[in-house]
Amino acid sequence: MTPFDATDHALMARALRLAERGLYTARPNPMVGCVIARDGEVVGEGWHPRTGEPHAEAFALRQAGERARGATAYVTLEPCAHHGRTPPCAGALVDAGVARVVAAMRDPFPRVDGAGLAILQAAGVEVAAGLMEAQARELNRGFLSRIERGRPWLRIKLAASLDGRTALASGESKWITGAAARADVQRWRARSGAILTGAGTVLADDPALTVRMADAAAFVPPLRVVLDRLLRSLSMRKVREGDAPTLYLHGPDARPPEDADARFAALPLREGGLDLEAALRLLGERGVNEVQVEAGPVLCGALLRAGLVDELLLYQAPVLLGDGARALFAGMGIETMAQRLHLRRVEEAVVGEDRRLLLRP
């Protein structure tokens with residue numbers, strides 16, 4: 001493998017920061033950043049903003065102009081090799097006379113997957129891959145999950161008291177956390193391709209499940225998904241109001257209304273309920289990279305037991321709700337310490353008066 005020096009690391013880190021600008025808008029495409037440099041000096045840079053718009057390499061090459069000839073391009077994902085809505089970036093780099101391309105990682109998308117690097121090598125461009133790959137994979141974990149596993153990355157969002165309770169026994173839960181934490185949740189919603197909940201939550205809370213951010217143009221509204229085997233929550237309308245689309249996933253015997261202002265799809269049954277794995281596969285087929293679950297303990301517990309949870313986003317407030325309040329997960333069936341579920345702390349932050357934990361099984 002070609003050795004990477006400090007300049008390579010610094011410029012790839014810059015490309016990764018550029019890529020992150022597409023966090024709320026690039027999906028279902030991956031987030032990609034590109035930096036073009038000559039002798040360590042940046043001459044062009046770009047990032048991919050939205051599907052259908054130019055890729056990161058195109059913006060960087062446009063900015064670099066003739067200075068791209070003989071330069072090094074740092075790209076957070078292998079340049080594409082196929083004609084889609086935009087021409088292939090590998091060919092554009094060759095035509096611009098770039099002498100070296102450093103990619104953080106190969107693109108596992110079948111129409112690329114090494115073909116972009118092969119085009120560059122065949123044209124005599126020096127190619128190196130693998131620089132800061134772990135960071136690149138983390139950034140695009142949703143896209144990579146959809147391409148490599150056939151399903152989106154699944155995150156459960158929870159708000160709990162210090163004693164691990166999400167609501168009072170009556171169901172009252174507004175508000176456990178403070179305003180700063182609730183605003184922070186909107187950014188996690190905005191990066192998600194879908195917000196998923198269950199019929200019980202819709203019936204109990206009548207949620208809108210929309211992103212509440214001041215600049216509506218700064219994000220693509222995520223799909224709202226309701227798991228409702230019998231379509232018993234259709235009378236609750238907030239989840240269908242606004243610009244965000246809504247999809248009901250129901251059982252094979254349910255009959256969706258013909259004139260409904262929503263989309264519907266049938267799922268097979270599994271162990272008496274909707275097949276959760278099939279639900280995620282269906283969302284993956286529809287281009288969803290990340291799913292954020294905002295639901296009650298029954299659905300959250302079922303997803304956890306099924307091994308479908310990739311991370312937990314837990315907001316913990318400095319309050320106590322008592323042992324009569326509702327727990328985070330239902331039906332876990334843990335009876336011995338040997339059965340306890342271990343979680344790895346990925347990130348921890350203070351948000352207002354609350355603590356935010358990002359945890360992974």
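E57 is buried, with a relative accessible area of 3%. I start there because buried here means under 20% relative accessible area, and E57 falls under that mark. Please keep in mind that this is a predicted model.

Why talk about E57? UniProt, in an unreviewed entry, lists E57 for "active site". The residue sits in helix α2, which covers residues 56-64. What does E57 touch, leaving aside its neighbours within four places in sequence? It is in contact with C34, V75, L77, P79, C89 and L93.

One of those contacts, C89, turns up again in the same record. For "binding site", the unreviewed UniProt entry gives H55, C80 and C89. These three are spread over 35 residues of sequence, yet they cluster in space, with a largest C-alpha distance of 9.1 Å.

Take them in turn. H55 lies in the loop between β2, residues 41-47, and α2. At 4% relative accessibility, C89 counts as buried. Again leaving aside neighbours within four places in sequence, C89 is in contact with H55, E57, P79 and C80.

What is the strand order of the open sheet of five strands? The order is β2-β1-β3-β4-β5, and the pairing is mixed. β2 and β5, the latter being residues 126-129, stand at the edges with a single partner strand each, so one side of each has no neighbour in the sheet. From one strand to the next, the twist averages 15 degrees.

Inside that sheet, β3 (residues 72-75) and β4 (residues 100-103) pair in the parallel sense over four bridges. Two helices to mention here. Helix α1, residues 6-19, packs on the sheet and touches β1 (33-38), β2, β3 and β4, with its direction at about 145 degrees to that of β1. Helix α2, where E57 is placed, also packs on the sheet, touching β1, β2 and β3, and its direction makes about 140 degrees with that of β2.

On to the other sheet. This one is open as well, with nine strands in the order β11-β10-β9-β8-β14-β6-β15-β18-β17 and mixed pairing. Its edge strands are β11 (263-266) and β17 (344-351), each pairing on one side only. Neighbouring strands are turned by 20 degrees against each other on average, direction ignored.

Which helix packs on this sheet and touches β17? Helix α7, residues 179-190, does; it also touches β6 (153-160), β8 (194-198), β14 (290-293), β15 and β18, and its direction makes about 160 degrees with that of β15. Helix α10, residues 297-305, lies across β6, β8, β9 (223-227) and β14, and runs at about 140 degrees to β6.

Strands β15 (residues 311-316) and β18 (residues 354-360) run antiparallel and are joined by five bridges. Q316 has R355 in β18 as its bridge partner.

Then there is β10, residues 246-250, where five of the five residues are buried. In a regular strand, side chains alternate between the two faces of the sheet. In β10, T246, Y248 and H250 lie on one side, L247 and L249 on the other, and both faces are covered. β10 runs parallel to β9, with four bridges between them, and V225 has L247 as its bridge partner. Four bridges also join β10 to β11, again parallel, and L249 stands opposite A265 in β11.

Last, the whole chain. How many helices and strands does it have? Ten helices and 18 strands. A compact globule of 361 residues would have a radius of gyration near 21 Å, and the chain has 23 Å, which agrees. The C-alpha trace spans about 70 × 45 × 40 Å along its principal axes. Of the 361 residues, 51% count as buried. Among contacts with a separation of 6 or more, 69% come from residues 24 or more positions apart. The accessible surface is about 16800 Å², and 50% of that belongs to carbon and sulfur atoms.

Methods:
Residues numbered from 1 in each chain as written. Predicted model: local features only at pLDDT ≥ 70, side-chain atom pairs only at ≥ 80, totals over all residues. Heavy atoms only, no water. Pairing = 2+ DSSP bridges. Axes fitted to C-alpha atoms, helices over the stretch in contact; angles between N-to-C directions. Contact = heavy atoms within 4.5 Å. UniProt positions renumbered as here; feature names shortened; annotations may be inferred. Buried < 20%, exposed > 50% of the residue type's maximum accessible area, 1.4 Å probe, protein only. Rg over C-alpha atoms; globule rule 2.2 N^0.38 Å. Areas by Shrake-Rupley, 256 points an atom, 1.4 Å probe, with all protein chains shown as cover.
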